[in-house]
Amino acid sequence: MERPSPLLEVHGLTKRFGGVEALIDVDFAVGGHEVVALVGDNAAGKSTLARVLSGVVSPDAGRILFEGEPVVLSSAQQALRLGIATVFQETALCENLDVASNIFLGRERFTGGLLDEDEMEFLARDYLDRLGSRIPDVRVPLHRLTAGQRQCVAVARTLVTEPRLVILDEPTASMSISQTAEVLVHIERLRDMGLGVVYISHNLVDVHAVADRIEVLRHGRNNGSFDAYESTTEEVIAAITGASRIPLRR
Ligand SMILES: Nc1ncnc2c1ncn2[C@@H]1O[C@H](COP(=O)(O)OP(=O)(O)OP(=O)(O)O)[C@@H](O)[C@H]1O
Ligand SMILES: [Mg+2]
């Protein structure tokens, strides 16, 4: 299968927090229409890479190319303008607000100086449908939703910015099997829309189910790159734990 041209490429990315080397000389790429899983043990550097790509953490060294052009991701707003939207590991939604209000929180639509509730309701429904959501009503308050449905709202929030690339940092952490399955459908839908997706997860079964490529970080360094269709879970685990130390480039 021909590889899609990279939407985003990163070369030699390094980030230190005091004495902690969170990322060391990391290479990474994701194309449109592609789900790249980013895996690694706790503290491997996954969230740090997600934060750098989101413009909220600036790297100490390295080059970032977006659609082949060098970019400096100096702020979250700038990353969003380029089309990079992120659902962070610690994403918080407003429990007392409804689904549509959460999706448009901070990015409300106005007509003639007034909130355009109809427009936001229409668009919210459209985003949820495109993601394959089972949320029946966009006026339901968040506290009535399951964890899987809340994650869908968080993903739908990214669509408001019309992204090219969506980064999801552990969107299925502590979810039931059926809720996780819902989130995996949303990831597939994002890819079907032609977007690039970076999916950070500890669950290698989920990763193999949804990803096209799997990138392993270990102690802040690249430690393996796998075609998700041709690799085994054992190979990926070996790269995560360090049993296989030489990056496998395929
Ligand atoms: N703001 C920060 N200040 C200091 N150290 C940090 C900061 N952010 C991350 N680190 C450190 O960088 C390393 C990588 O952290 P990171 O959060 O990227 O790991 P991770 O792979 O996302 O782990 P997890 O699977 O637990 O989410 C860790 O040692 C962490 O303690
Ligand atoms: Mg993390």
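Which residue just after α6 takes a positive phi? Gly 194 does, at about 95°, and the legends below work their way around to that helix.

This is a predicted model, in which local features need pLDDT of at least 70, side-chain atom pairs count only at pLDDT 80 or more, and totals for chains, interfaces and linings use all residues. Residues are numbered from 1 along each chain as its sequence is written, chains are lettered from A and ligands numbered from 1 in the order in which they are written, and side-chain values use heavy atoms, with hydrogens and water left out.

**View 1. The whole chain, with 8 helices and 12 strands.** Helices (H or I, at least four residues) and strands (E, at least two) are DSSP runs, numbered from the N terminus. The radius of gyration is 18 Å, close to the 18 Å that the globule rule gives for 250 residues, so the chain is as compact as a globular protein of that length. That radius is taken over C-alpha atoms, and the rule is 2.2 Å times the number of residues to the power 0.38. Along the principal axes, the C-alpha atoms fill a box of roughly 55 × 40 × 35 Å. Of the 250 residues, 52% count as buried (under 20% relative accessible area; exposed is over 50%, partly exposed in between, with a 1.4 Å probe and protein chains only). As for contacts (heavy atoms within 4.5 Å), 65% of those with a separation of 6 or more join residues 24 or more positions apart.

**View 2. Helix α6, residues 177-192.** The 16 residues of α6 reach 23 Å from first C-alpha to last, close to the 22 Å expected at 1.5 Å a residue; the expected span is 1.5 Å times one less than the number of residues. Among the buried residues of α6 are Val 183, Leu 184, Ile 187 and Leu 190. An α-helix has 3.6 residues a turn, so residues three or four places apart point the same way. The cover over the buried part of α6 includes β3 (34-39), α5 (147-159), β9 (165-169), β10 (196-200) and α7 (204-210).

**View 3. Helix α5, mostly covered.** Here 10 of the 13 residues are buried, including Gly 148, Cys 152, Val 155 and Leu 159. The end C-alpha atoms of α5 are 19 Å apart, which agrees with the 18 Å that its 13 residues should span at 1.5 Å a residue. Packed against the buried residues of α5 are β6 (84-87), α3 (99-103), α4 (117-130), β9 and α6.

**View 4. Arg 191, a buried arginine in α6.** Arg 191 has a relative accessible area of 13%. Beyond its neighbours within four places in sequence, Arg 191 is in contact with His 33, Glu 34, Val 35, Val 197, Val 210, Ala 211, Asp 212 and Tyr 229.

View 5. His 33 is partly exposed, at 47% relative accessible area. At 76% relative accessibility, Ala 43 counts as exposed.
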